[in-house]
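Thanks for coming. I have one model to go through today, and I will start with single residues before turning to the whole chain.

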Amino acid sequence: MNIMIVEDDAALNRGIALAFGNSGDTFYSCYTVREAKDRLCRELPDMMILDINLGDGSGYEILKEIRRTSDIPVLLLTANDLEIDQVTGLSLGADDYVTKPFSLAVLRARIEALKRRCAQKKEEERYRIGELDLDFGKLNFYKRGRELTLSRNEQKLLRLLVSNPGQIMTRELLIDRLWSQGAEFVDENALSVTMNRLRRKLEDDIKDPRYIQTVYGQGYVWISPAIQRRHP
């Protein structure tokens with residue numbers, strides 16, 4: 001896994017990376033909120049170790065930004081052994097936390113637990129539905145063995161529908177989930193455009209849909225009953 005360490009204590013940052021040098025994972029370091037945000041604009045890690053108290057701001061800023069678009073595992077480092085800090089971090093979407101000072105053995109155990117949960121979650125995000133083969137963990141999508149190229153919003157929309165089969169997903173909910181930041185400013189036509197593009201890639205005949213059905217006046221529903229979990 002590619003693991004980002006966001007910690008302004010340079011010695012501790014390097015120490016964590018060195019301590020896990022034989023794990024087979026790749027660690028890269030950031031020391032400020034700004035540096036972490038710049039790095040996230042270029043690439044998203046598989047996991048993050050995030051200090052709450054950084055020199056130029058709060059790690060909560062980074063956590064909030066990540067959770068707008070991603071559910072990668074985030075482990076918080078905090079010097080405050082206070083319940084409010086733990087509750088705040090978990091409520092913002094952190095997966096676990098470790099209070100300073102900590103032993104590297106404890107940190108290693110927490111990271112390994114998160115890696116196992118992450119691997120299990122990715123496995124659960126693999127589906128075979130009719131002629132579709134969908135892997136949301138690796139972002140691989142196929143129809144009759146032919147790879148489908150889906151935009152980021154098409155992937156998010158497909159994931160929402162597939163994970164809620166038979167349930168009507170309202171237009172309001174889909175707009176909010178696809179454009180979580182500034183959804184109130186999104187033209188409602190944007191959802192229709194994204195949905196039409198996705199349908200043209202999935203359906204043989206969009207006038208006689210096999211997978212996505214419009215519920216007029218409400219939204220959309222995934223109607224295919226043949227959903228199977230994929231196994232390696």
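Glu 154 is buried, at a relative accessible area of 3%; buried means under 20% relative accessible area, exposed over 50%, and partly exposed in between, with a 1.4 Å probe and protein chains only. This glutamate is part of helix H6, residues 152-162. Helices here are DSSP runs of H or I with at least four residues, strands are runs of E with at least two, and both are numbered from the N terminus. What does the side chain of Glu 154 make a polar contact with? The partner is the side chain of Lys 201, at 2.7 Å. A polar contact is a pair of N or O atoms within 3.5 Å; within protein, one must be able to donate a hydrogen and the other to accept it, and residues adjacent in sequence count only if both atoms are side-chain atoms. Not counting residues up to four places away in sequence, Glu 154 touches Thr 149, Thr 194, Arg 197, Leu 198 and Lys 201, where contact means heavy atoms within 4.5 Å.

A word on the source. This is a predicted model, in which local features need pLDDT of at least 70 and side-chain atom pairs count only at pLDDT 80 or more, while totals for chains, interfaces and linings use all residues. Residues are numbered from 1 along each chain as its sequence is written, and side-chain values use heavy atoms, with hydrogens and water left out.

Next, Asp 51. It lies in strand S3, residues 47-51, and counts as buried at 2% relative accessibility. Its side chain is joined to that of Lys 100 by a polar contact of 3.4 Å. Leaving aside neighbours within four places in sequence, the contacts of Asp 51 are Val 6, Glu 7, Asp 8, Gly 59, Leu 77 and Lys 100.

Lys 100 comes up again in the backbone. A cis peptide bond joins Lys 100 to Pro 101, with omega about -10°. Pro 101 sits in the loop between strand S7 (96-99) and helix H5 (104-124).

Asn 53 belongs to strand S4, residues 53-54. Is Asn 53 buried or partly exposed? It is partly exposed, with a relative accessible area of 37%. Beyond four places in sequence, Asn 53 is in contact with Asp 8, Ala 79 and Asn 80.

One more backbone item is Arg 144, a residue other than glycine with a positive phi, near 55°. Arg 144 is in the loop between strands S10 (140-143) and S11 (146-147).

Now a sheet. Three strands form an open sheet in the order S12-S14-S13, with antiparallel pairing. Strands S12 (169-170) and S13 (212-215) are at the edges with a single partner strand each, so one side of each has no neighbour in the sheet. Two strands pair if DSSP finds at least two bridges between them; S12 and S14 (residues 219-222) are joined by two. Met 169 stands opposite Tyr 220 in S14.

Last, the whole chain. It has eight helices and 15 strands, and 40% of its 232 residues count as buried. The C-alpha atoms fill a box of roughly 60 × 40 × 30 Å along the principal axes. Of the contacts with a separation of 6 or more, 57% come from residues 24 or more positions apart.
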